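Me: I've got a structure open here and I'm new to it. Can we go through it together, bit by bit?

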Amino acid sequence: MSLYTHQEANVRKTWLLITFFLVLVTSVGYAFSQIYGNPSIVIIAFAASVVMSVSSYWFSDKIVIASMGARVLPDVEAPDLHNIVENLAITAGLPKPRIYIVDSPQPNAFATGRDKEHAVVAVTTGLLTLLDHSELEGVLAHELSHVGNRDVLVSTVVVVLLGAVQLLSDFFLRSLRFGGLGGGRDRNSGQAQAIFFLLGIALAILAPIAAVLIQLAVSRKREFLADASGALLTRYPDGLASALEKIHRDHTPMGQANHATAHLWFDDPYQGKQNTVKWFAKIFMTHPPVEDRIAALRGER
């Protein structure tokens with residue numbers, strides 16, 4: 001796959017995910033409109049799904065930044081970091097992205113935004129403390145490669161859509177706990193409640209399945225491609241390999257991490273703190289094993 005076909009595939013994945021979300025929410029709304037004999041439910045569900053889908057495309061970067069607790073990093077606070085990003089952006093033929101910082105001791109970074117004109121690169125305070133110049137340059141080149149490869153488009157959109165599916169699941173399970181949406185008082189109320197219960201259980205099962213599907217859509221191959229592209233930008237792959245080694249050895253937890261945004265980070269904020277990973281667990285990892293990434297950068301695989 002060439003870089004251009006990779007970019008086109010990411011755009012297709014984005015629209016497929018948005019379409020899936022629209023169909024899912026509208027179908028649930030239709031089911032409940034039939035249960036309660038109220039056509040307005042499906043209209044509300046469709047309108048809500050459209051609003052969430054539009055928001056996921058246009059405002060997902062702002063939602064991600066807010067959820068991470070990131071703030072704008074002025075030039076005067078980290079002039080070296082700004083210089084590195086600007087030089088790499090020029091080399092990659094990209095506009096300089098906005099730079100944010102996350103107050104977390106865990107060394108990590110992420111990129112977000114719907115396109116290169118609205119890109120954001122964020123780093124943690126722990127990353128700036130841990131890495132030297134060449135290692136930091138390698139990590140930032142990796143993140144800028146995500147922007148150039150248009151990985152950030154699909155990666156950022158899925159954060160909002162996955163969060164919405166999880167909220168739907170939580171809403172229906174809570175509704176079950178409190179007796180549904182008002183509970184029918186006619187002879188059909190028992191049947192309606194039974195269907196409501198089954199739908200609630202189905203949505204509870206659907207949320208983690210949707211998470212796995214999204215993890216598969218956001219292919220781990222994107223990390224290998226961003227590593228390779230980043231190494232080409234810096235012309236020093238060992239800088240990125242060394243950064244991966246240092247970050248992987250760090251066991252600091254991250255309070256801002258959550259499962260909806262784990263795939264955005266340079267290194268999985270949950271995984272990577274163990275030296276061995278069972279083959280079954282690897283199937284559901286958002287990132288490839290660090291050892292494999294380092295070996296690829298050093299030509300050992």
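Me: Which residue in β4 does F110 stand opposite?
Reply: F110 stands opposite A122. One caution before going on: the model is predicted.

Me: How do β3 and β4 pair, and over how many bridges?
Reply: The pairing of β3 with β4, residues 120–124, is antiparallel and has 4 bridges.

Me: What order do the strands take in the sheet?
Reply: The order is β1-β2-β4-β3. The sheet is open, has 4 strands and shows mixed pairing.

Me: Which ones are the edge strands?
Reply: β1 (71–72) and β3 (109–112) are at the edges, each of them pairing on one side only.

Me: What about β1 and β2, how do they pair?
Reply: In the antiparallel sense, over 2 bridges. V72 has Y100 in β2 as its bridge partner.

Me: And β2 with β4, parallel or antiparallel?
Reply: Parallel, with 5 bridges joining β2 to β4. On that side R98 stands opposite V120 in β4.

Me: Is β2 largely enclosed or open to the outside?
Reply: β2 has 5 residues and 4 of them are buried, so the rest of the structure largely encloses this strand.

Me: Which strands does α3 touch?
Reply: α3 packs on the sheet and touches β2 (98–102), β3 and β4. The direction of α3 makes about 155 degrees with that of β3.

Me: Which strands does α6 lie across?
Reply: Helix α6, residues 133–148, lies across β3 and β4. Its angle to β3 is about 20 degrees.

Me: Let's switch to charges. How many salt bridges are there?
Reply: The count comes to 10 salt bridges.

Me: α6 came up just now. What does E135 pair with?
Reply: E135 forms a salt bridge with K246, and the closest N and O atoms are 3.0 Å apart. K246 is in helix α10 (residues 237–249) and E135 is in helix α6, so this pair ties together parts 111 residues apart in sequence.

Me: E135, buried or exposed?
Reply: Buried, because its relative accessibility is 3%, which is under the 20% cut-off. K246 is partly exposed, with a relative accessible area of 25%.

Me: Which residues are linked in a network of salt bridges?
Reply: R222, E223, D227 and R293 are linked that way.

Me: How far apart in the chain are E223 and R293?
Reply: They are 70 residues apart, with E223 in helix α9 (residues 221–234) and R293 in helix α12 (residues 290–297), so the pair links distant parts of the chain.

Me: Buried or exposed, that group?
Reply: Both E223 and R293 are buried. The relative accessibility of E223 is 1%. R222 is buried too, at 4%.

Me: OK, on to the surface. Which residues form the nonpolar patch?
Reply: F46, V50, V54, W58, F59 and I63 form the patch, and together they have about 530 Å² of accessible area. Helix α2, residues 40–58, supplies the largest share, 4 residues.

Me: Where is F59, then?
Reply: F59 is in the loop between α2 and α3 (60–68). F59 counts as partly exposed, with a relative accessible area of 43%.

Me: Back to α9. What sits in the loop between α9 and α10?
Reply: R235 is found in that loop. R235 has a positive phi of about 60 degrees, although it is not a glycine.

Me: Why point that out?
Reply: Because most residues other than glycine have a negative phi.

Me: Last topic, the chain as a whole. How many helices and strands are there?
Reply: There are 12 helices and 4 strands. The chain has 301 residues, and 49% of them are buried.

Me: What about the accessible surface and the contacts?
Reply: The accessible surface comes to about 14,700 Å², and 63% of that belongs to carbon and sulfur atoms. Among contacts with a separation of 6 or more, 70% are between residues 24 or more positions apart.

Definitions and conventions
Residues numbered from 1 in each chain as written. Predicted model: local features only at pLDDT ≥ 70, side-chain atom pairs only at ≥ 80, totals over all residues. Heavy atoms only, no water. Patch = residues over 30% accessible without salt bridge, like charges linked within 9 Å, V, L, I, M, F, W, Y side chains within 5 Å. Areas by Shrake-Rupley, 256 points an atom, 1.4 Å probe, with all protein chains shown as cover. Salt bridge = Lys/Arg side-chain N within 4 Å of Asp/Glu carboxyl O. Buried < 20%, exposed > 50% of the residue type's maximum accessible area, 1.4 Å probe, protein only. Pairing = 2+ DSSP bridges. Contact = heavy atoms within 4.5 Å. Axes fitted to C-alpha atoms, helices over the stretch in contact; angles between N-to-C directions.
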